[in-house]
Amino acid sequence: MTMFFDNLVTMDSNEECLISAWSNSEVNVMLAVATSAPRIIFMSDEGTKIPNFEITRGTNTVAQMKWHPVIHALAIGWSDGCLTLWQEDDRLVRDEKVSLLVK
């Protein structure tokens, strides 16, 4: 079954939503929102911002975000080629530098 509903994500002035991704959890549904600030904020399925937590990495913007299909973890790809892995259980943020081979 597919669900669709409108939900307003309020942001600071001059900040726009670039990418969003719903978690795959059936119990603790979460929306990750990458903004033009650049930062990532987390929201509940009821539309409220989860307090005291966001992810920022300097001036790099988010290129892609994907939730793990089973565990509550988010992979974030940044415009500088770095990957951030975030786990909801302990709110651990870990960065990994990725080198791209161009032929």
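Tutor: A residue is called buried when its relative accessible area is under 20%, exposed when that area is over 50%, and partly exposed in between. We shall apply these cut-offs to a predicted model.

Student: Why is Thr84 called buried?

Tutor: The relative accessibility of Thr84 is 0%, and the cut-off for a buried residue is under 20%, so Thr84 counts as buried. Thr84 has its place in strand E7.

Student: What makes the pairing of the Thr84 and Trp78 side chains a polar contact?

Tutor: The two side chains come to 2.7 Å, and a polar contact asks for N or O atoms within 3.5 Å, one able to donate a hydrogen and the other to accept it; the pair of Thr84 and Trp78 is therefore a polar contact.

Student: Why is Lys66 called exposed?

Tutor: Lys66 has a relative accessible area of 52%, and exposed means over 50%, so Lys66 is classed as exposed. Lys66 lies in strand E5 and, leaving out residues up to four places away in sequence, touches Ala73, Leu74 and Ala75.

Student: How do the two cysteines Cys17 and Cys82 compare with the cut-offs, buried, exposed or partly exposed?

Tutor: Cys17, at 41% relative accessibility, counts as partly exposed, because that class takes in what lies between under 20% and over 50%. Cys82 has a relative accessible area of 3% and, being under 20%, is buried.

Student: What makes a set of residues a nonpolar core, and which residues have the most contacts inside the largest one?

Tutor: The members must be buried residues of the nonpolar kinds listed for a core, Ile, Phe and Met among them, joined through side-chain atoms within 4.5 Å. The largest such core has 18 residues, and Ile40, Phe42 and Met65 are those with the most contacts inside it. Among the elements that give two or more residues to this core are strand E3 (39–44), strand E5 (62–67) and strand E7 (82–87).

Student: Which residues does Phe42 contact, its neighbours within four places in sequence left aside?

Tutor: The contacts of Phe42 include Met30, Ile50, Phe53, Trp67 and Trp86.

Notes
Residues are numbered from 1 along each chain as its sequence is written. This is a predicted model: local features need pLDDT of at least 70, side-chain atom pairs count only at pLDDT 80 or more; totals for chains, interfaces and linings use all residues. Side-chain values use heavy atoms; hydrogens and water are left out. Buried means under 20% relative accessible area, exposed over 50%, partly exposed in between (1.4 Å probe, protein chains only). Helices (H or I, at least four residues) and strands (E, at least two) are DSSP runs, numbered from the N terminus. Contact means heavy atoms within 4.5 Å.
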